[in-house]
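Morning, everyone. Let me put the model on the screen, and then we'll walk through a few helices.

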Amino acid sequence: MYGDDSEGGGDLEGGWDTVLPVGGTAVRGVHVAGYRSHPGGRLDMRVLPQPFVTVVLGFGDALLHIEGGSGRVALPGLVAGPVPGPTRIRSGRFSCVELRLSPLAAYALMDTAPADLQGAVTGLEEPWGAPGRRLGERIAGAGGWPERFALVDRFLVERAARAPTADAEVAASWSAIVARQGRVRIGDLAAACGWSRKRLWARFTAQVGLTPKRAAMLVRFHGAARRLRAGADVAEAALACGYVDQSHLHREVREFTGCTPGALVRLATSADVDVDGDAPARAAHRVDTGTHPGTQPTHLAKQPTQPAKQPTHPGQAPDSSGSAATHLAKGKTQ
């Protein structure tokens, strides 16, 4: 659930339980996790730009108090695009199921245009209408995590069955941007597709919601931010992620977050997963707990022991490895 704003009094007090469905979900390009704060816990976070769409399905009595460009609103759940703009979220004790959708999964599974998800945080009815509201209500009434994950899986599979398909050229371009961690030339992507730069720019933007250049910048920033939070210094992160120099990295961090790389180090995220990480879902799950401030225990969702068929994901290129991916998530404990 985004990043802890340790500057300006933001925190995640009391510790959190992190719950992962073993094997992920049945729809490719979607990562699902459950979060539950401990008694006395409170949430105070800033939303960080990330190369996926985030959906938070809250349940229980607490609401998310969201402060952003459109003012203040209290909601039981939310949808945030990859670059949602300056947004802060506060809540008391809170529980939720969180979905992270790759841009192509969001294009296939949501009713709203990808570009409409940029620069804002909205309620569930914006991209999913009444079905999204009903999903939130069913999750709130579910008897436990397995039932919650099963409800989400069923909802996504039903939508995937009638989802639009992204252009293969757009899917291949997005996959190349992710695989090369944003270090791509748009002309090379267009040439690989057999398209003109203008056509790639128009089709990619319509289906991803970002221009190819902006998408590459966001993926590169995401990689640099993860390195910085893992302890790399600015020079090391800049070199590893393909920035021209430290000042180049500094400018992009400022552009995406409004803060310096040094301040970004103090922004912890709940689940540093691969942008396209996915695996077939199963009913089993495990719960891992983080309780000690300043620690980040690692939670690993087990892989199936038998080869699995490719999970459903309209609009995205198949996983070239042909195998189910293993998901690694870090629990929020600060």
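Which residue takes a positive phi just after α6? Gly209 does, at about 90°.

Ground rules first. This is a predicted model, where local features need pLDDT of at least 70 and side-chain atom pairs count only at pLDDT 80 or more, while totals for chains, interfaces and linings use all residues. Residues are numbered from 1 along each chain as its sequence is written, and side-chain values use heavy atoms, with hydrogens and water left out.

Helices here are DSSP runs of H or I, at least four residues, numbered from the N terminus.

Start with α6, residues 197-208. This helix has twelve residues. From first C-alpha to last, α6 reaches 16 Å, close to the 16 Å expected at 1.5 Å a residue. The expected span is 1.5 Å times one less than the number of residues.

Which residues of α6 are buried? Leu200, Phe204, Gln207 and Val208. Buried means under 20% relative accessible area, exposed over 50%, partly exposed in between, with a 1.4 Å probe and protein chains only. Those four cover an arc of only 85° around the axis, so they sit on the same side of α6. The arc is taken from the directions from the helix axis to the C-beta atoms. As background, an α-helix has 3.6 residues a turn, so residues three or four places apart point the same way.

What do the buried residues of α6 pack against? Helices α1 (103-109), α4 (168-179), α5 (186-193) and α7. Contact means heavy atoms within 4.5 Å.

Now α7, residues 212-229. Its 18 residues should span 26 Å, and the end C-alpha atoms are 26 Å apart, which agrees. Of the 18, 13 are buried, so α7 is largely enclosed by the rest of the structure. Just after α7, Gly231 also has a positive phi, about 115°.

How do α6 and α7 meet? They pack at an angle of about 60°, with axes 9 Å apart. That makes α6 oblique to α7. On the α6 side, the contact uses Leu200, Trp201, Phe204 and Thr205. On the α7 side, Pro212, Lys213 and Ala215 take part.

One more residue. His248 is found in α9, residues 246-257. His248 is buried, with a relative accessible area of 13%. Leaving aside neighbours within four places in sequence, His248 is in contact with Arg220 and Tyr243.

That's my tour. Over to you.

Technical notes:
Helices (H or I, at least four residues) and strands (E, at least two) are DSSP runs, numbered from the N terminus. Axes are lines fitted to C-alpha atoms, for helices over the stretch in contact, and angles run from 0 to 180 degrees between N-to-C directions. Angles under 35 degrees count as roughly parallel, over 145 as roughly antiparallel, 65 to 115 as roughly perpendicular and the rest as oblique.
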